[in-house]
Amino acid sequence: MKILFKNARIITMKDDSVFFGDLMVENNRIKFIGDSNKLNETFDRVIDCDGNVLMPGFKNAHSHSAMTFVRSKSDNLSLHDWLFNVIFPYEDHLKPEDIGPLSKLAFLEYLTSGITGCLDQYFYPEVFGKAAKEFGMRSLFIPVYNAKTRKLNEIRKLFEKYNRPEESIVRMGICIHADYTTPKEDIIETYRIMKVLEPMPFFTHLGETYDEYNSAFEKYGMSQLEYLISFGVFDNGGAIFHGVYLTDNDLELLKKYNIILVTNPGSNTKLASGIAELQKYLDAGVTMAIGTDGPASNNCLDFFKEMSLCWGLQKLINKDPKSMPAYEVLKMATVNGAKAMNLPDADVLEVGKLADIIMIDMHQPNMQPVHNVLNNIVYSGSKANIKMTMIDGKILYMDNKFYVNEDVEQLYAEVQQIAERIIKDTESDKPV
């Protein structure tokens, strides 16, 4: 399948330049960027971009996709109360077969936001992997080792299934939820599993609230990051999710161990967890990406909102309008997100790279006049500007229509039934 995109403003994200030209996709790879008049080719489809932007898709570097079932049912709470008093009781009633529909609902929302890949952490990862592959959502899922529920042999089988060279859409990593929810023995076993399978990056929540940050010094006599590094789990890099509270030494350790910080400003704002000092981290040389977190704590899976919070909160807390320039935020959303997901073939637009591409509609009032395209995207863009989302060379969303192997309305109805069942079952657990 050959698709030619003509007359586009192209942002490769190799730098902050924008140029006018054409781009050709063959099967799932970018085959040409430049003036297509020089090509002697026939195409299966020609799309006139009419001056709209082509750029790499956004990478959602931290999410719990299947948490769509509790969207807007767990609001206005602190993280501790939200997690222990609401989320955990609801999750007790999740069934494996729920994960597919719940995740696919999130995938639809990702497409409307220009998200072409997600780094997902949740229950029943084997079901998530199947759903992502069926849907065509590029994913890195990270199962949690648990001595009672997930043995080494099960993790090995998942690894061998999804980390084969020919598996291009769905991959597997490994993680713990957090240091404060994981026994020391399980951290040690997680490290052993990582060494048995192959050297791999490690992922975890870290520094999300001040209480967990502060309690680490009381429990371990060191920071959360220092504690986890002492087990060797970050020997091959990885990522931490949130990183609102970090020491200056933590910033040096992030660089030393090639650990990417994935900020989640929407979730952190809604749960009042705090504001990560992104400009300080940027100045310190820390590599940062962006995640939405789950749709229960955010509640929307909107990358334009996340980008807006990234620059807006930094300019405010630093009292400096120069904080977090648009290009740095866009780099976090694309190139660095690909790094977090270990997707070197999906970071920029370049011949030979994977065709994970979005088109941004410049023919809307919020994108006019065109003085600076990158600034328009970051400072005034919105989900309404996503005209097309392509993953692995397939157009899955264009002009407000989905092109996926799902009956969208039927999926909505199925998710509604799942959510109502879980809420009903949870309420019945409460003492009369």
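I started at Met324, which counts as buried at 0% relative accessibility (buried is under 20% relative accessible area, exposed is over 50%, and partly exposed is in between, with a 1.4 Å probe and protein chains only). This is a predicted model, where local features need pLDDT of at least 70 and side-chain atom pairs count only at pLDDT 80 or more, while totals for chains, interfaces and linings use all residues. Residues are numbered from 1 along each chain as its sequence is written, and side-chain values use heavy atoms, with hydrogens and water left out.

I checked phi of Met324 and got a value near 50 degrees, positive in a residue other than glycine. Met324 sits in the loop between H11 and helix H12 (326–333) (helices, H or I with at least four residues, and strands, E with at least two, are DSSP runs numbered from the N terminus).

Asn342 is not a glycine either, and its phi is positive at about 55 degrees. I found Asn342 in the loop between helix H13 (335–340) and E15. Is Asn342 buried or exposed? Asn342 is exposed, with a relative accessible area of 55%.

Next I looked up cis peptide bonds. One runs from Asn298 to Asn299, with omega near 15 degrees. Asn299 belongs to the loop between strand E14 (288–290) and H11. Another cis bond joins Gln368 and Pro369, with omega about -10 degrees. I place Pro369 in the loop between strand E15 (357–360) and helix H14 (373–380).

**Helix H3**

In H3 (residues 125–135) I have Pro125, Phe128, Gly129, Ala131, Ala132 and Phe135 down as buried. They lie on the same side of H3, because they cover an arc of only 165 degrees around the axis (the arc is that of the directions from the helix axis to the C-beta atoms).

What covers these buried residues of H3? The cover includes helix H2 (99–112), strand E7 (115–120), E8, helix H4 (152–162), E9 and strand E17 (394–398). Just after H3, Gly136 takes a positive phi of about 95 degrees.

**Lys31**

Lys31 is in strand E3 (residues 29–34) and is partly exposed, with a relative accessible area of 43%. Leaving out residues up to four places away in sequence, I see Lys31 touching Met24, Val25, Glu26 and Val351 (contact means heavy atoms within 4.5 Å). I also took the C-alpha separation of Lys31 and Phe135: 24 Å, for residues 104 apart along the chain.

**Pockets**

My terms come from a 1 Å grid over the protein atoms alone: a cavity is a set of points where a 1.4 Å probe fits but cannot get out, a pocket is an open set with protein on both sides within 12 Å along at least five of seven lines, and lining residues have an atom within 4 Å of a point. Grid points are joined across faces, edges and corners, and a volume is the space filled by probe spheres set on the points.

The largest pocket has a volume of about 960 Å³. I get 35 lining residues for this pocket, with Phe88, Glu91, Phe123, Val144 and His177 nearest its centre. Which element gives the largest share of that lining? Helix H1 (residues 79–91) does, with seven residues. By class, the lining has 18 nonpolar, eleven polar and six charged residues (Ala, Val, Leu, Ile, Met, Phe, Trp, Tyr, Cys and Pro count as nonpolar, Asp, Glu, Lys and Arg as charged, and the others, Gly among them, as polar).

The second largest pocket comes out at about 450 Å³. Asn342 turns up again here: of the 24 lining residues, the closest to the centre are Arg171, Met341, Asn342, Leu343 and Pro344. Strand E8 (138–141) and strand E9 (170–172) are the elements that give two or more residues to this lining. I sorted the lining into 13 nonpolar, five polar and six charged residues.

**Cavities**

How many cavities of 30 Å³ or more does the whole structure hold? My search finds two.

The largest cavity has a volume of about 70 Å³. Its lining includes Thr263, Pro265, Asn268, Leu309 and Gln314. Helix H9 (265–270) and helix H11 (303–317) are the elements that give two or more residues to that lining. I count six nonpolar, five polar and no charged residues there.

About 40 Å³ lies in the second largest cavity. Pro125 and Phe128 are among its lining residues, as are Tyr122 and Phe141. This lining divides into six nonpolar, one polar and one charged.
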